[in-house]
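Biologist: Before we discuss terms, please show me the model.

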2 protein chains.
Amino acid sequence: MASSTVQRLARTPEGTGERTVEPIDTKSRILDAAEELFMEHGFEATSLRLITTAAAVNLAAVNYHFGSKEELFQAVLTRRLDPMNQDRMRLLSIYESEAGVTPLTCEKIISAMFIPALKLARDHETGGKNFLRLLGRAYADPAPFIREFLSSQYAEMIVRFRAAFTHALPHIPREELSWRLHFVMGALSYTLAGTDALKMIAQFQPGETENDEKVLRRLAPFLAAGLRSPVDTASDAHQWFTET
Amino acid sequence: MASSTVQRLARTPEGTGERTVEPIDTKSRILDAAEELFMEHGFEATSLRLITTAAAVNLAAVNYHFGSKEELFQAVLTRRLDPMNQDRMRLLSIYESEAGVTPLTCEKIISAMFIPALKLARDHETGGKNFLRLLGRAYADPAPFIREFLSSQYAEMIVRFRAAFTHALPHIPREELSWRLHFVMGALSYTLAGTDALKMIAQFQPGETENDEKVLRRLAPFLAAGLRSPVDTASDAHQWFTET
DNA sequence: GCTCGATTAAAACAGGCGTTTGAATTTGTC
DNA sequence: GACAAATTCAAACGCCTGTTTTAATCGAGC
């Protein structure tokens, strides 16, 4: 098995050093190519031959280094997802200790969720934006191995943030809060999944520099307002769904 | 080509009539089987052999009746999506004429979007719930032919509802409103896509009778609050995304 | 009863898939 | 330089894919 290979960095032809132009390590080359191609075509539609050709490595290298196509996909996800979720929890802990005994605001908690995602979106060198789109699409993938993998990856983080929101919004029943968290995750993943999905909204003309960062700045207040909204009582329900 | 075949209905063995047990028409059998299998495994992972076996028809029947696998997928979507979007626009028109010159409330407009979806979710006979999940997953599918098809299917409806929201929320800039509509569609599709995705949220125990209808009743107020939330000014932005 | 178009049927097509094999090559260590 | 482990490589494996082909069957209309 591949294990302790020293990762060396390719240097620019001019020898400026420091900047990684293209990873020389076979494993990294595969991960980078797979990340982009999985994002572009989805898991099933992306063949190992496409990946290995793009990565300029031998076809058998995937099975040698990762075991299988499924394990490669999980490796692609976990490479960035795990650090991002660690960042989120670390940030939340910092905010909590800063606040002391007073409960955090909704905005603070959402910030702890969004800032690490933003950091990835800003990261132009590594394919951070590619990854966020890939992640958004993985959320909606029906494949059981993907769903189970994501569940395990998110379990710890969800518990932490659920607890934080419970303190921040004590008047929201816990079941209602579960659903609202679900909606938050939904809007977030859908937004990250594809900027091109926006073309679906006719007559949409995004500003010239409309990047992922600005989108998240719009999304956060939207979600915070939803989280804080008064709980719909049974007597209010009829106003929503009465047929004419 | 298949065209003017009279669609006959299979009757229950007891001869009670009226209720369709299983469609006798080959085209319908294929559509029903494909709807369920595409929902379960996604487009790429669902083979024509799987579909035709489940539908108990010959393998070549798909290409004969629909032309190709892609066209079958579009037929599966359009069979229910087109009527649903027509319903939405019709309902919106009714609300508008009822309100006269006064602009509609956010809640009313959202109702016009949700009620037709609810009608499908309630429809246990036809696989309405299956379809909604399939639709939610199609939103996130990277395949170009799916994205283009959905764009064309939604174009008219989006224009109508954008206009309605513009009147209901005159204080929201049009670009901001485009994004908020995007978030609404995201949360909606993600919610419809999979109840099983909820298992990702640890410790989540849905109520016994937690059906799609109740979920949408929770989602609608959440989204309305987001739509109405005050627009974030530049001076407010720092509160969200300042690193510690 | 026969004919003709529509539909179904079985079989084959060419090609792509993920994975495995076994030998060649590179790499690290004494 | 020699040994052993790690890695790369070309080739093949068996299987499955969407689609096409060709013949058989069906169902009216004359």
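Modeller: The axes of helix 4 (residues 69–99) and helix 7 (residues 144–168) of chain A come within 10 Å and cross at roughly 0 degrees. This is a predicted model, in which local features need pLDDT of at least 70, side-chain atom pairs count only at pLDDT 80 or more, and totals for chains, interfaces and linings use all residues. Residues are numbered from 1 along each chain as its sequence is written, and chains are lettered from A and ligands numbered from 1 in the order in which they are written.

Biologist: Why are helix 4 and helix 7 of chain A called roughly parallel to each other?

Modeller: Axes are lines fitted to C-alpha atoms, for helices over the stretch in contact, and angles run from 0 to 180 degrees between N-to-C directions. Angles under 35 degrees count as roughly parallel, over 145 as roughly antiparallel, 65 to 115 as roughly perpendicular and the rest as oblique. The crossing is at roughly 0 degrees, and the two helices are therefore roughly parallel.

Biologist: How do you know that the length of helix 7 of chain B agrees with its residue count?

Modeller: The expected span is 1.5 Å times one less than the number of residues. The 25 residues of helix 7 of chain B should therefore span 36 Å, and the end C-alpha atoms are 34 Å apart, which agrees.

Biologist: Where does helix 7 of chain B bend?

Modeller: At B:Tyr154, by about 45 degrees; the bend is the angle between axes fitted to the seven residues ending there and the seven starting there.

Biologist: Which residues of helix 7 of chain B are buried?

Modeller: B:Phe161, B:Ala164 and B:Phe165. Buried requires 20 or more other C-beta atoms, placed from the backbone, within 10 Å of the residue's own; 12 or fewer is exposed, and in between is partly exposed. In chain A, 36% of the 244 residues count as buried.

Biologist: How many helices and strands are there in chain A?

Modeller: Chain A has 10 helices and zero strands, taken as DSSP runs numbered from the N terminus (helices H or I, at least four residues; strands E, at least two).
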